[in-house]
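Biologist: Can you walk me through this one? I'd like the overall fold, then the charged pairs.

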Amino acid sequence: MAGSAARSGEASAGSAAARIVRRPGTLLVDFGAPRRVLSSAVLGGGIGVAHGWLNATVARDYDRLDPAVDLTERAAALGFDGSLVGMLTAVDVDRCEIGERGRARAFATVGVGHALAAAGTRPRAVPTVGTINLLVLVDAPLDDAALAGAAQTAIEAKAQALAAAAVPAANADCHATGTATDAFCIAALPGGGEPFAGPATAIGADIAHAVHRAVLAGARADRADFGPLFEEARR
């Protein structure tokens, strides 16, 4: 099941405590209770505890040198003062796609106009637009190693979705694996006990399918809107 966050309200039973708050240019997922997180985000990155996730749209020429402060201010404007994982994107966050399966729910904003292959030619400059921001709510208490395994599973599923959407890499003769500025967040239930989250496990399979559905829908939509960019990238 996949769908736009703009058409969603309360979270599904798989993440019953979560609440989605939308304002122009801002998407907040309030977890409703603290979750253990592993993230590469500019705000709240690393491993820790968070109460919510904020994804904010910025202009293509965004040049603030304090993005973490910017995100914190945006959250405060929504009345949210809990610990936060925050990400920025040039994609309209109203286009956030949601994929669900079992105990996993994935939120993805997908911009693939400057998609790359991880092992392709290193870009001379990092593009200022085109990124994939990903949140995965996991309704399982993952150990630290399982958090890392969940992240690996999610990123592999993202790459699989880009291949399924036939997104070409600008820096190699193959499908893209992502962009130069992608960010992810795995948000699991507190505690521990689940030691593994690879794709061969039940929880890992849920994560993989939820991410694949969200990213595939987003990539297809972005390609439909900005198709000519892909031909320019190949030249």
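Modeller: Here is a short tour, from the overall layout to the salt bridges. Keep in mind that this is a predicted model.

Biologist: Okay. How many helices and strands does the protein have?

Modeller: The protein has 3 helices and 9 strands.

Biologist: And what pattern do they follow along the sequence?

Modeller: Read along the sequence, it goes β-β-β-β-α-β-β-β-β-α-β-α.

Biologist: How much of the protein is buried?

Modeller: Of its 235 residues, 49% count as buried.

Biologist: What about the accessible surface?

Modeller: That comes to about 10,200 Å². Carbon and sulfur atoms account for 55% of that area.

Biologist: Now contacts. Take residues at least 6 apart in sequence: what share of their contacts join residues at least 24 apart?

Modeller: The share is 75%.

Biologist: New topic: charges. Why would two side chains pair up at all?

Modeller: Side chains of opposite charge can pair when their charged atoms come close.

Biologist: How many salt bridges turn up in the whole structure?

Modeller: A search finds 11.

Biologist: Give me one. What does lysine 158 pair with?

Modeller: Lysine 158 forms a salt bridge with aspartate 182. Their closest N and O atoms are 2.7 Å apart.

Biologist: Where do those two sit?

Modeller: Lysine 158 is in helix α2, residues 144-164. Aspartate 182 is in the loop between α2 and β9. The two are 24 residues apart in sequence, so the pair ties those parts together.

Biologist: Is lysine 158 buried or exposed?

Modeller: Buried, because its relative accessibility is 7% and the cut-off for buried is under 20%.

Biologist: Let's zoom in on arginine 64. How far apart are the closest N and O atoms in its bridge with aspartate 66?

Modeller: They are 2.8 Å apart. Arginine 64 also forms a salt bridge with glutamate 73. There the closest N and O atoms are 3.8 Å apart.

Notes. Residues numbered from 1 in each chain as written. Predicted model: local features only at pLDDT ≥ 70, side-chain atom pairs only at ≥ 80, totals over all residues. Heavy atoms only, no water. Helix = DSSP H or I, 4+ residues; strand = E, 2+ residues; numbered from the N terminus. Buried < 20%, exposed > 50% of the residue type's maximum accessible area, 1.4 Å probe, protein only. Contact = heavy atoms within 4.5 Å. Areas by Shrake-Rupley, 256 points an atom, 1.4 Å probe, with all protein chains shown as cover. Salt bridge = Lys/Arg side-chain N within 4 Å of Asp/Glu carboxyl O.
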